[in-house]
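My entries are set down below.

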Amino acid sequence: MAFFAYLGYYTEGLGSYLLFIGISGALLFLMLVPVYVSKALGRRLAFDFSPEGLIASDVARERIPWSDIVGAKVQYFKKGEGVRLEIREDKARQLKTSWLAKINRPFYGASEFYVSQGGTTLYAYQLAELINHRGVSEPTE
């Protein structure tokens, strides 16, 4: 962007369109860098399994008790897969949902939420199994 600003000033002077675009782009970049750096450094866990319940950062920051989780199933898309988490409807209304869950609510309904397996090394089917088994993995023999 700084190159565009220099090029616009060099070729056309102060009234250049390229100068305006270059300065605007550079300012936007400088404003967004701290936001992305803070997001990268303040990374919270995507999932937190405990005996009390589940924290799924895609849905809400608060812990969802296991008794309120109806189940989870894998949902396939054209270029990937994810997990569809179903929560009791009365509890789903009480959740302080994330912005992503608010955007997805018209597509999935009031009590179903889309959860990506991003931030974990698990596949979607493994994550759905863990949620359905209340966070306890099956012993392998």
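The entries that follow go from the helix to the strands and then to the rings.

I worked on a predicted model, in which local features need pLDDT of at least 70, side-chain atom pairs count only at pLDDT 80 or more, and totals for chains, interfaces and linings use all residues. Residues are numbered from 1 along each chain as its sequence is written, and side-chain values use heavy atoms, with hydrogens and water left out.

**Helix α4.** I took helices (H or I, at least four residues) and strands (E, at least two) as DSSP runs, numbered from the N terminus. I called a residue buried under 20% relative accessible area, exposed over 50% and partly exposed in between (1.4 Å probe, protein chains only). In α4 (residues 99-108), I found A101, N104 and Y108 buried. They lie on the same side of α4, because their arc around the axis is only 75° (taken from the directions from the helix axis to the C-beta atoms). I noted W99, K102 and P106 as exposed on the face turned away from the buried side. Just after α4, G109 has a positive phi of about 105°.

**Strand β6.** I found E112 and Y114 pointing one way from β6 and F113 and V115 the other way, with all of them buried. β5 and β6 pair in the antiparallel sense over 4 bridges; pairing requires at least two DSSP bridges. V83 stands opposite V115.

**Aromatic rings.** I counted 3 aromatic pairs, with ring centres of Phe, Tyr and Trp (its six-membered ring) within 6.5 Å; planes under 30 degrees apart count as stacked, over 60 as edge-to-face and the rest as tilted. F49 and W66 are stacked, since their centres are 6.2 Å apart and their planes at 15°.
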